[in-house]
Amino acid sequence: MQILKAVVKARHSFQRVGFFSHQRCFSAQPHYAPYEDFQDQVLVEGRAKSRAAVLNRPSALNALTSSMAARLKKLYESWEENPDIGFVIMKGSGRAFCSGVDAVNLYHLLNEGKVEECKSLFETLYKFVYLQGTYLKSHVAIMDGITMGCGGGISLPGMFRLVTDKTVFANPETQLGFHPGAGASFYLSRLPGCLGEYLALTGEKLNGVEMIACGLATHYCLNAKLAWIEERLGNLMNDDPTVIESSLAQYSDLVYPDRSSILHKIDTIDKCFSHDTVEEIIGSLENEAADTYDGWCKTVLRKMKEASPLSLKVTLRSIRDGRFQSLDCCLAREYRMSLSGISQRVSNDFSEGVRARFVDKDFAPKWDPPSLEEVTKDMVESYFYPLSESEPELVLPTALREPYI
């Protein structure tokens, strides 16, 4: 109970800064339709005092493309300037809110040598995340269903984050030979204790109740009540945040993590994931497994050993750096990391991870380097170097829009 109280206390601290029983494995495997109308990938619903952006690629679990990110950015900028629009809603169609960046599309673009298009996606996406994180109007993200990768980045910066009994949240990027981006090093690093390191390195899932408890979400309701909430929000003629909050609270449920929740292992997580290196973290987990015979430790070890060794080390460094950086600094750094990841100058792990999981589906990636011992310090450092003179850095309007600290 003391652990739970501490987690709930931390939840309230997240709300002040304003950012923020599924089988536990990464198994979301969308079907990617080859041809889609770009305009229909983000729909708009008009209400009396609000607008709703609807991510509309249900067959691909609403995986984000460059055109979707660009359309979201354009819509949000126009809505912010429109005095008749008081607040904004974002939701997804189908069984997902957003399953992350369209990794398969990136994979094919890289194979075709269209690296600039891949860079454009990250630039547009990260600029939208910053816009979202500094938005001047109230924002309600309805994270019903699968919410993975950048699905968190485009929703968690907003003022209100509504989750349901269908919500599945995760950052599974290390399993794909990549790193959590789109602001993940900002919001994960601010979770209680070392929970952020744990989620980033293992790709572990959280359900809606757990997101409420650790502060990632602000409101929880049953999926069956969503229609009532949307109707209530749609009828609002007042954009006062307190009125929006009370409307959400009217249909919200008071929930607590059940006995099987990973949050009840927060002490063990802090003990094992507080170490300085990935090798030390794995060693601590192995010792814990030997001392306690806890099957959970073995499961965590298996997940980490399935991930890209290079991605694990890059990700740990990213989360640790993010703990002391503002949102704009996190996004600028993650942009450099993303460009390094797709450049294949150091490793081809991203393409290999996507191939193994989504293309060939043999689930047998050949990581390069294949082991933690072979990942050098220079390899990791190269992901954090400033970009070359020929490669412009991510430029964010920090002088006009003050970032979170």
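This is a short tour of the structure, stop by stop, with what to select at each one.

**Before you start**

You're looking at a predicted model, where local features need pLDDT of at least 70, side-chain atom pairs count only at pLDDT 80 or more, and totals for chains, interfaces and linings use all residues. Numbering runs from 1 along each chain as its sequence is written, and side-chain values use heavy atoms, with hydrogens and water left out.

**The whole protein**

Helices (H or I, at least four residues) and strands (E, at least two) are DSSP runs, numbered from the N terminus. Now show the surface. The accessible area is about 16900 Å², and carbon and sulfur atoms hold 51% of it; areas come from the Shrake-Rupley method with a 1.4 Å probe, and for residues only the protein chains shown count as cover. Of the 405 residues, 58% are buried. Buried means under 20% relative accessible area, exposed over 50%, and partly exposed in between (1.4 Å probe, protein chains only).

**Stop 1: α3 and α16**

Select 103-111 for α3 and 349-359 for α16; these helices pack at about 125°, with axes 10 Å apart. Axes are lines fitted to C-alpha atoms, for helices over the stretch in contact, and angles run from 0 to 180 degrees between N-to-C directions. That angle makes α3 oblique to α16. Under 35 degrees counts as roughly parallel, over 145 as roughly antiparallel, 65 to 115 as roughly perpendicular, and the rest as oblique. The crossing of α3 and α16 is left-handed; that is the label if the near helix is turned anticlockwise from the far one by less than a right angle, and right-handed if clockwise.

Show side chains next. From α3, Ala 103, Val 104, Leu 106, Tyr 107 and Leu 110 meet Phe 350, Ser 351, Val 354, Arg 355, Phe 358 and Val 359 of α16 (contact means heavy atoms within 4.5 Å). Sorted by class, the α3–α16 contact has 9 nonpolar, 1 polar and 1 charged residues. Ala, Val, Leu, Ile, Met, Phe, Trp, Tyr, Cys and Pro count as nonpolar, Asp, Glu, Lys and Arg as charged, and the others, Gly among them, as polar.

**Stop 2: α9 and α10**

Move to 226-234 (α9) and 241-250 (α10), which pack at about 155° with axes 9 Å apart. So α9 is roughly antiparallel to α10, and their crossing is right-handed. Pick out Ile 229, Arg 232 and Leu 233 on α9, then Ile 244, Ser 247, Leu 248 and Gln 250 on α10, to see the contact. By class, α9 and α10 bring together 4 nonpolar, 2 polar and 1 charged residues.

**Stop 3: Leu 156**

Select Leu 156, in the loop between α5 (150-153) and β7 (160-164). Leu 156 counts as buried because its relative accessibility is 0%.

**Stop 4**

Most residues other than glycine have a negative phi, and most peptide bonds are trans. Go to Tyr 293, in the loop between α12 (278-292) and α13 (295-306): its phi is positive, near 55°. At 72% relative accessible area, Tyr 293 is exposed.

Then hop to the loop between α16 and α17, where Phe 363 sits. Phe 363 also has a positive phi, about 50°, and at 42% relative accessibility it counts as partly exposed.

Finish at Pro 369, in the loop between α16 and α17 (377-382). The peptide bond from Asp 368 to Pro 369 is cis, with omega near 0°.
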